[in-house]
Amino acid sequence: MTAVEPRSDSTVRTSKRTEILEARPVNLDGFVEEWPEKGLVAMESDFDPQPSVRVEDGRIVELDGRTRDQFDFMDTFIADHAIDVDTCEAAMATESVEIARMIVDPRTSRADVVALGRGLTPAKILDVVKLMNVVEIMMGIQKTRSRRTPANQAHSTSAKDNPIQVAADAAEGAVRGFAELETTLGVVRYAPLVAIGLQVGGQVGRGGTLTQCALEEATELDLGMRGITAYAETISIYGTESVFVDGDDTPWSKAFLASAYASRGIKMRFTSGTGSEVQMGNAEGRSMLYLEIRCILMAKGAGVQGLQNGSISCIGVPGAVPGGIRAVAAENLVASWMDLECASGNDQSFSHSPMRRTSRLLPQMLPGTDFVCSGYSAVPNKDNMFAGSNLETDDYDDWNVIQRDMQVDGGLRHVREDVILQVRNKAARAMQALFAELDLPAITDEEVEAATYANSSDDYPDRDVLADLEGARSVMDRGITGIDLVRVLERAGFGDVAENYLKVLRQRVSGDLLQTAAVLDAGFVPRAAINDANDYAGPGTGYRLTGERWEELKKLRHVTSAENPEEEVV
Amino acid sequence: MTTANTDLTAADYPLSVNRPDLLHTPTGKTLDDLTMDAVVAGDITAEDLRISPDTLKLQGQLAAAAGRRQLADNFTRASEMTAIPDAEVLDMYNSLRPNASSAAQLEELASRLENTYSATTCAALVREAAQVYAARNLLAEEA
């Protein structure tokens with residue numbers, strides 16, 4: 001019970017200080033008490049199962065207190081596909097505290113903790129990470145993330161589904177450093193034009209950025225197969241059987257889909273996160289993190305290379321309960337520890353408090369993850385069709401300063417205004433030429449000019465939406481593919497953009513981007529957890545922000561010259 | 001194919017840089033054939049930008065060499081699926097959704113995978129799903 005009066009009682013006099021505190025943005029955030037029986041608890045629940053495993057005749061017959069006849073389909077899939085039968089009994093016999101210390105201790109190699117992790121059940125993994133505080137969790141992420149060099153991913157969307165805006169913001173995002181760009185739609189029928197805008201803009205800003213368009217599974221796969229997008233991510237999985245079925249899928253259908261993407265040479269990761277099951281009304285009385293660990297093991301069992309997790313669109317749920325943001329960091333750790341690429345959230349509006357938004361970000365940004373944000377909004381949040389991100393365009397300079405303050409690589413950099421204007425303008429002109437060649441509704445010079453200098457969709461002339469939707473339909477009806485777009489760009493005088501796009505498409509033939517945590521560097525060399533494997537082994541090892549990249553990140557919008565304090569460094 | 005006997009190691013990755021000699025499209029082109037000139041001349045179609053089953057097997061070797069057993073298995077299934085047309089792959093996925101297919105329909109799907117496409121590991125996944133769906137009441141009623 002609370003000893004203070006409810007704040008709505010206006011008859012009680014409050015102090016001046018309380019008035020100020022009441023007005024602070026953090027008090028607009030929602031906080032709730034835990035309710036473990038309903039799964040409204042981050043990671044410490046008496047209702048979670050105790051770890052156990054039993055193997056008979058080369059098969060797991062008991063998992064976390066349930067025998068095979070009691071298994072739901074998650075148990076079955078995890079027992080049969082995720083857990084290493086040969087090592088699980090020995091791994092499970094290791095004390096949880098010993099495993100937790102191995103994760104933190106730099107003298108135990110990543111390879112050793114990953115190997116041990118292959119034999120653990122969901123409840124045992126939970127038992128291990130429950131022993132770790134948030135700094136230890138960050139130590140674990142630093143060591144276990146699969147790719148050595150951290151990266152970042154952007155959202156580029158438009159409240160008006162304006163493909164020119166998406167292209168210009170994608171170009172700016174790419175030149176600022178995002179390795180992946182993601183879009184989605186308000187009006188789904190706009191998808192082909194917006195996905196084209198994202199791809200073209202991305203290749204203008206920095207050749208080799210990878211793009212995706214988040215849509216329902218079949219359409220997303222279709223755009224990928226046509227070569228209009230380069231990867232996919234919106235393949236949702238859930239930690240309880242009932243919610244999984246509500247999502248109209250099973251671990252087997254999703255595993256089949258994973259192979260379908262790979263069979264077309266298209267990179268793909270699943271998506272899951274704490275809080276989704278309780279939000280969808282059926283957590284079966286388990287903690288959020290326990291259910292998320294089941295998702296992580298399901299993803300591993302399916303053989304998908306990576307996972308977008310860290311609560312994602314459900315961040316309000318763990319964010320409202322005690323220890324919730326610690327649990328979110330823990331789920332990123334478990335995905336990394338299970339040897340999956342981790343695109344680690346920070347992609348949804350989360351708090352009214354700038355301080356809280358930043359503190360939520362640090363457990364991923366400081367240790368580095370494969371993608372620190374799985375959607376930093378490269379458009380103002382009001383244009384973000386994923387309902388807003390934890391970071392947006394207004395935060396670019398703050399992000400760059402934090403990178404410089406902490407000497408941490410968050411995947412971005414400061415870029416001079418003239419360069420940004422140049423790539424935005426070029427992206428818009430490339431779209432103008434492409435639309436003309438394809439007989440799509442014309443893009444005017446006024447729109448190109450607007451795209452060059454715009455901040456949000458308000459700064460663009462309105463388009464004829466019906467004509468655009470007709471054009472979008474014709475792109476699909478005519479069977480236009482990535483290779484057609486390359487040809488048109490080349491013909492229209494954007495040879496370098498066409499060349500970049502072709503190089504991205506050629507990657508599908510090699511399959512290199514299918515390996516864990518693969519991205520393309522500026523020279524179109526695939527970097528994955530094979531040739532850029534994380535080799536962190538304590539101070540002085542692993543990824544260090546040094547050399548040319550550190551010099552790049554020392555630059556900000558305003559830095560005073562040491563030689564002449566009257567001048568700024570350009 | 002000669003590639004079947006190659007035992008790749010981490011040093012071979014990325015194949016596009018280190019082992020382009022092993023790569024070809026399903027239409028028999030090499031990476032070097034996929035030039036802008038060929039695109040402009042209309043000699044490259046979307047078919048030429050697909051991954052071949054052999055390449056997926058090579059990537060499977062790399063995944064296995066990195067200790068990623070499940071990823072390698074995924075590439076094995078993917079390698080089998082390259083033969084299946086896009087629309088049919090989507091149909092197959094849809095029939096694996098919960099309550100979408102009866103036991104007989106799933107068995108028919110498994111047989112088609114096995115007999116039409118020699119997709120034996122994919123067929124095994126479908127049969128496994130059928131067993132679990134039966135136990136968890138996720139099969140459609142028999143038509």
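Helices (H or I, at least four residues) and strands (E, at least two) are DSSP runs, numbered from the N terminus. The model is predicted, so local features need pLDDT of at least 70 and side-chain atom pairs count only at pLDDT 80 or more, while totals for chains, interfaces and linings use all residues. Residues are numbered from 1 along each chain as its sequence is written, and chains are lettered from A in the order in which they are written.

**Backbone**

- A:Asp64, in the loop between strand S2 (59-63) and strand S3 (66-67) of chain A, has a positive phi near 45° although this residue is not a glycine.
- A:Asp64 is buried, with a relative accessible area of 7%, where buried means under 20% relative accessible area (1.4 Å probe, protein chains only).
- A:Ala517, in the loop between helix H23 (495-510) and S12 of chain A, likewise is not a glycine and has a positive phi of about 65°, and A:Ala517 is buried, with a relative accessible area of 0%.
- In chain B, the peptide bond from B:Tyr13 to B:Pro14 is cis, with omega near -5°, and B:Pro14 belongs to the segment before helix H1 (15-18).
- Most residues other than glycine have a negative phi, and most peptide bonds are trans.

**Second largest pocket**

- A pocket is an open set of points on a 1 Å grid over the protein atoms alone, where a 1.4 Å probe fits, with protein on both sides within 12 Å along at least five of seven lines; lining residues have an atom within 4 Å of a point.
- The second largest pocket is lined by 25 residues, with A:Thr234, A:Ser236, A:Thr271, A:Ile312 and A:Ser313 nearest its centre.

Methods. Heavy atoms only, no water. Buried < 20%, exposed > 50% of the residue type's maximum accessible area, 1.4 Å probe, protein only.
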